[in-house]
Amino acid sequence: MTRKTGLLPQLLAACLLAPVLTIPAHAQHAAHADRAQYQNPIIHADYSDPDVIRVGKHYYMTASSFNSAPGLPLLESADMVHWQLVGHALPQQLPLADFARPQHGKGVWAPCLRYHDQRFWIFYPDPDQGIYVMTADNFSGPWTTPHLLLAGKGIIDPTPLWDEDGQAYLLHAWAKSRAGINNMLSLRRMNKEATQILDTEGKVVIDGNKLPGYKTLEGPKLYKHQGYYYVFAPAGGVEEGWQSVFRSRHIEGPYEDKIVMAQGKSATNGPHQGAWVQTPAGTDWFYHFQDKRAYGRIVHLQPMHWKDGWPVIGDDVNNTGTGEPVLRHAMPVAGTFQQVQPATTDEFKDSKLGLQWQWNANWKPAWYSLTARPQHLRLHTQADSSYAERNNLWDVPSLLLQKLPAEQFTVDTRLDVNHLQNGSSTGLIMYGFNYAWLGVRQQDKARQLLLSTCDKTEAKCAEVIRASLPLNSSTVYLRMVVQAGGKTQFYYSTDNQQFNAIGDEFNATMGRWVGAQMGLFSVRPDVSPSADDDYVDVDYFRVAINKQLP
């Protein structure tokens, strides 16, 4: 049963008036794609700036992770469509002290994944530090400590190439916010171990400022194919951009240019920035993202073919050599494969947190326990000075978050708040530039169930309590139903049978270069050290994908 609380009378959310099929998150792709075709997006989650490679018959992906820790997600696939999260390459952000507090929009920008000399390599940029390099014998790790290959502000989006003649190169873009320049790609020489840059300054080999209509040329991927050096690079901006390719017989240029994919008449805005991958059978494919605001930069897969020495990506509907994104296509790899997807639900039965979880900054082991109470996550309440000063959670590092997994979904969790101490708050959060949370605040020996929101977090908003009522139980069930466009309705129950909608519908919003995130927290504004007996026990965090029935 579901009824509206009497605090803020209004109609039930429209999502509950329409027939809904709820599919456990682990089974999502069984309904998402049959074995003959797949449907875009292949990952409806914020795996921004994806880079993908094939080694043997397996496919590997990493993506930007910005301020979150752990960073650099590691995903594997057997069929190019269904992906499983297997780890993170970066346990903590560097420098450690800089990322002890959230650094929104900073940290890990567009990485490059390669396999060379029997090792996996990740080159990743921090726009305030430079280009780091990590390697691993096994994709799932362990990875080496990041080595700062090229220091400097605004040096971003690296892509290496080890040439047949033994020379090694690094191509990169520029961030105007740090370097004062952008829309150009610079080439550097490095040693083959990628431990040292060999020249004193780079050479601009592709200058978007000299190309009509070009802006924000960035995110390059450098390949060599049939005697040509090819640079796949997006331009035009995150939400409206296109995919270009540049080619030259010489790595330093001059380069010809061609737009090989754009939105056209498709519904996929800004299709660009990703990776070219070839199957063992010799067919070509291209991964890219689509910026979907609250949902982040979701991942698409496009067929690719060659015409007159140029790649054509997607459906070349006008026979111009510039393709448009497809929504459905034949599977790229024949065979029967397990239809996996990145994890979402966590029953907290294991000795480690699920790989889907990331903290809002560099994390500390003392923030949580999975052993203090078996089959529960214990979140130790963290005293936070920023929460005390601003009355908002934007700069709290101990938020435990994950990506939104689909356009429509439901989250359920059960909290035991018996040990929450005076002044402490805990709950279920939808987090972004604007955020909302439903949870419990302990105040003067009384518990209050609260729905709280904060608008324009970067403008230092203060939380506003939208609804509250006394909570006479030490256990509460919280629910969050998300519909198309990120429209979010919160619910609560004390018996896990009758759920009451509380407050108005909330519109989830993106964060700084990331989509909205959802998760859990326990915090108090007192700046004194947190007490050992101040905590919340979380029984589970369950995610189900909602599909509207025809």
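Guide: Rings of Phe, Tyr and Trp count as a pair if their centres lie within 6.5 Å. The model here is predicted.

Visitor: Which residues do ring pairs link into a cluster?

Guide: The cluster holds Tyr 223, Tyr 228, Tyr 230, Phe 232, Trp 276, Phe 286 and Trp 306. By the same rule the count of aromatic pairs comes to 28.

Visitor: How is one such pair described?

Guide: Two quantities are given for a pair of aromatic rings, the distance of the centres and the angle of the planes. Phe 232 and Trp 276 are stacked, with 5.8 Å from centre to centre and 15 degrees between the planes. The pair links distant parts of the chain, since Phe 232 is in strand 17 (residues 228-235) and Trp 276 is in strand 20, 44 residues apart.

Visitor: Are Phe 232 and Trp 276 buried or exposed?

Guide: Buried means under 20% relative accessible area. Phe 232 has 1% and is therefore buried; Trp 276, at 11%, also counts as buried.

Visitor: Why is the pair of Trp 359 and Tyr 368 called tilted?

Guide: Planes under 30 degrees apart count as stacked and over 60 as edge-to-face, with the rest tilted. The planes of Trp 359 and Tyr 368 are at 35 degrees, with the ring centres 5.7 Å apart, so this pair is tilted. Trp 359 is buried, at 3% relative accessibility.

Visitor: Which residue lies over the face of Tyr 228?

Guide: Arg 247 does, at 4.7 Å from the ring centre. Elsewhere, Lys 403 lies over the face of Tyr 47, at 4.8 Å from the ring centre.

Visitor: What does the side chain of His 272 reach?

Guide: His 272 lies in strand 20 (residues 272-278), and at 1% relative accessibility it counts as buried. Its side chain reaches the backbone oxygen of Gly 270 at 2.6 Å. A polar atom of the His 272 side chain also lies 3.4 Å from the backbone oxygen of Gly 237. Beyond four places away in sequence, His 272 touches several residues, including Pro 234, Trp 242, His 288 and Phe 289.

Visitor: Why is strand 13 described as largely enclosed?

Guide: Seven of the seven residues of strand 13 (residues 168-174) are buried, so the rest of the structure largely encloses it. Strand 13 runs antiparallel to strand 12 (residues 155-162), joined by six bridges, and antiparallel to strand 14 (residues 184-190), joined by five. Leu 170 stands opposite Pro 160 and has Arg 188 as its bridge partner in strand 14. The hairpin of strand 12 and strand 13 has five residues between the strands, and Gly 166 in that hairpin takes a positive phi near 90 degrees.

Visitor: Where is Glu 347 found?

Guide: Glu 347 is in the loop between strand 24 (328-330) and strand 25 (358-359). At 26% relative accessibility, Glu 347 counts as partly exposed. Its side chain makes a polar contact of 2.9 Å with the side chain of Arg 542. The C-alpha atoms of Glu 347 and Val 538 are separated by 9.1 Å, although these residues are 191 residues apart along the chain.

Definitions and conventions
Residues numbered from 1 in each chain as written. Predicted model: local features only at pLDDT ≥ 70, side-chain atom pairs only at ≥ 80, totals over all residues. Heavy atoms only, no water. Helix = DSSP H or I, 4+ residues; strand = E, 2+ residues; numbered from the N terminus. Buried < 20%, exposed > 50% of the residue type's maximum accessible area, 1.4 Å probe, protein only. Polar contact = N/O pair within 3.5 Å; in protein donor to acceptor, adjacent residues only side chain to side chain. Contact = heavy atoms within 4.5 Å. Pairing = 2+ DSSP bridges. Phe/Tyr/Trp six-rings, centres within 6.5 Å; stacked < 30°, edge-to-face > 60°. Lys NZ or Arg CZ within 6 Å of the ring centre and 35° of its normal.
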